Amino acid sequence: MYSSKKNILQTVALLKAHGISHVVLSPGSRNAPLTQSFACDPFFICHSIVDERSAGYFAIGLINRLQKPVILCCTSGTALLNYGPAVAEAYYQELPLIVVSADRSPAWIGEMDGQTLPQPGAFRTLVKKSVQLPEIQNEEDLWHCNRLVNEAILTCKHHGSGPVHINVPVSEPLFDFSTDMLPEVRCIKSMTASYLPDMQELISIWKSSSKRMILVGQMQPNDGQLSYLLEKMAFDGGCIVLAEHLSNIVSSTFIGNFDALISALNEKESENLAPELLITIGGHIVSKQIKKFIRNHQPANHWHISPSGNIVDTMMCLTYSIESEPALFFEKFSDSVSHITNTDYARKWLSASKAIYSPKSELPFSDITVAGAFLERIPDNSVLFAGNSSAIRNIQLYSIPASTYVFCNRGTNGIEGSVSTACGYATESEALTFLLVGDLSFFYDLNALWNKHFPDNLRILLVNNGGGGIFHLLPGLDKAEALDEYVSAHHETTAEGWVQAAGLKYLKADTMETLHSALTLFTKPSNEKAMVLEVFTTPENNKSTSDNYYNKLKHQ
Ligand SMILES: Cc1ncc(C[n+]2csc(CCOP(=O)(O)OP(=O)(O)O)c2C)c(N)n1
């Protein structure tokens with residue numbers, strides 16, 4: 001019988017699912033639940049070596065002979081450190097050694113509770129990856145634990161082999177061996193797109209799934225080949241493609257308003273629109289709704305395609321990590337799945353998307369309508385930078401010219417460098433470059449205005465709502481007394497003096513009429529001076545407009 005510890009069951013079940021069968025066990029009580037779980041399962045071939053230093057080298061010998069990953073398992077304390085020489089040897093010979101160490105719960109490290117030392121990361125630069133498993137108390141812990149073990153196992157053979165370390169904390173009681181079966185576990189697979197046998201498996205998954213979705217995250221502008229291939233997939237392969245502006249891929253067949261769309265769905269509609277197969281490419285996705293939607297309606301298959309092949313499990317249901325440039329992958333894949341149309345699912349999505357209305361200018365003057373009025377006027381072939389916070393979310397409510405490249409510092413969502421980044425781009429570009437940014441982000445990065453050669457082609461639309469406006473829109477936060485003063489950092493500063501001191505042209509607006517008239521100059525391509533257009537809105541109007549819009553969507 002196996003241990004009842006859930007993190008041990010995940011570890012053992014995943015090692016088995018990945019086909020890793022040789023284990024070198026050293027004696028101890030803290031690792032006895034691991035030892036028992038390996039030893040009771042006939043899949044594992046167990047070897048007992050008392051001295052951990054020797055056990056490490058014994059495992060290296062096994063790898064030399066088997067040309068496969070081998071597991072090393074020990075108790076807590078110095079037992080682990082005695083693997084050090086063999087781990088170093090495996091690192092420099094690039095051998096797939098998987099160290100599994102038992103540990104106490106982190107709360108007890110350094111408290112003179114015997115046989116403890118800081119085990120996570122003990123081998124530092126001598127392992128390709130080191131993971132510290134959680135003790136599993138809830139569903140999120142279970143997902144976390146599963147992902148970490150998958151990652152460690154996949155890493156020991158990714159981009160060259162090498163040792164990895166899985167540290168497994170277990171609290172007392174240790175010796176409950178009442179589990180008669182290993183759990184079903186999610187085994188994440190990885191492949192490079194050039195490996196054809198795996199491609200066959202993907203093709204058959206595609207064919208047997210009728211609800212297929214491709215979701216595109218942030219991407220740098222590209223040569224159009226990816227848009228073409230994804231369009232082909234949408235036409236021929238019977239799938240839908242969801243892409244935000246930040247993906248920089250454009251087609252009338254792609255759906256961009258999915259965040260608003262999903263916010264309006266009831267449970268039945270959500271089930272109908274949930275995919276069976278999800279393919280993600282690109283980086284971060286702004287929409288919180290799509291992440292929630294997929295996490296709550298998990299597809300049977302989720303493939304993430306990326307040039308790094310790194311395991312990224314944003315949706316908590318990754319089944320395949322495919323290492324490839326997305327365009328290369330779809331070039332190969334699209335031919336194999338063409339004419340497999342199942343248009344019903346795509347039709348549902350497209351008609352739901354058409355039914356979502358864009359916020360109209362009749363709504364009160366607010367951050368949302370300011371973004372709309374501006375985007376209506378943005379000239380073709382411009383470049384658009386969005387600040388984090390409301391700006392990047394609001395632009396998604398509107399369409400923009402297909403020729404517009406869109407950027408935002410979405411890697412870490414920082415508000416500190418939006419002006420500098422746009423400034424850097426514009427300096428090396430001929431294109432009219434716009435930045436839509438909130439006031440805290442603007443004032444934070446004010447120093448960018450001091451740039452010696454401030455680019456004339458940069459236009460900054462500063463939406464001044466007197467603080468971090470986004471915080472007024474978060475449900476529940478309005479109950480915090482600290483909201484105005486400390487959370488959103490309310491202020492009454494205007495940019496006028498700063499902008500003029502920097503020698504830039506300053507425009508301002510506080511109604512739709514004054515905004516439209518300022519936008520005429522602001523968006524004029526022939527104008528040869530850098531400008532800041534400061535638009536004043538109020539948190540009250542912003543909140544009521546946003547509430548009205550999203551409520552209306554729900555009841556349309
Ligand atoms: C460097 C940094 N500090 C703090 C935050 C947390 N944060 C996220 S949004 C936000 C408010 C941004 O306010 P503003 O730029 O005025 O935009 P608005 O919310 O009004 O749209 C803050 C402080 C962050 N993202 N980055």
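Reader: Hi! How do the residues of the shell around the ligand divide into nonpolar, polar and charged?

Author: Hello! There are five nonpolar, ten polar and two charged residues in that shell. Here Ala, Val, Leu, Ile, Met, Phe, Trp, Tyr, Cys and Pro count as nonpolar, Asp, Glu, Lys and Arg as charged, and the others, Gly among them, as polar. A word on the source: this is a predicted model, where local features need pLDDT of at least 70, side-chain atom pairs count only at pLDDT 80 or more, and totals for chains, interfaces and linings use all residues. Residues are numbered from 1 along each chain as its sequence is written, and side-chain values use heavy atoms, with hydrogens and water left out.

Reader: Thanks! Which residues are the closest to the ligand?

Author: Of the 17 residues that surround the ligand, the closest are S389, S390, S441, N465 and G469. A residue counts as near if one of its heavy atoms lies within 4 Å of the molecule.

Reader: And which helix gives the most to that shell?

Author: That's helix α17 (residues 439–444), with four residues. Helices are DSSP runs of H or I with at least four residues, strands are runs of E with at least two, and both are numbered from the N terminus.

Reader: What lies 2.5 Å from an oxygen atom of the ligand?

Author: An N or O atom in the side chain of S441 does. A polar contact here is a pair of N or O atoms within 3.5 Å.

Reader: Changing topic: at what angle do α14 and α20 cross?

Author: The axes of α14 (residues 367–377) and α20 (residues 512–522) cross at roughly 35° and come within 10 Å. Axes are lines fitted to C-alpha atoms over the stretch in contact, with angles from 0 to 180 degrees between N-to-C directions.

Reader: Who makes the contact?

Author: On the α14 side, T369, V370, A373, F374, E376 and R377 take part, and on the α20 side M512, L515, H516, L519, T520 and F522. Contact means heavy atoms within 4.5 Å. By class, the contact has seven nonpolar, three polar and two charged residues.

Reader: Last one: where is the cis peptide bond?

Author: It joins E172 and P173, with omega about 5°. P173 sits in the loop between β6 (164–169) and β7 (189–192). Most peptide bonds are trans.

Notes
Polar contact = N/O pair within 3.5 Å; in protein donor to acceptor, adjacent residues only side chain to side chain.
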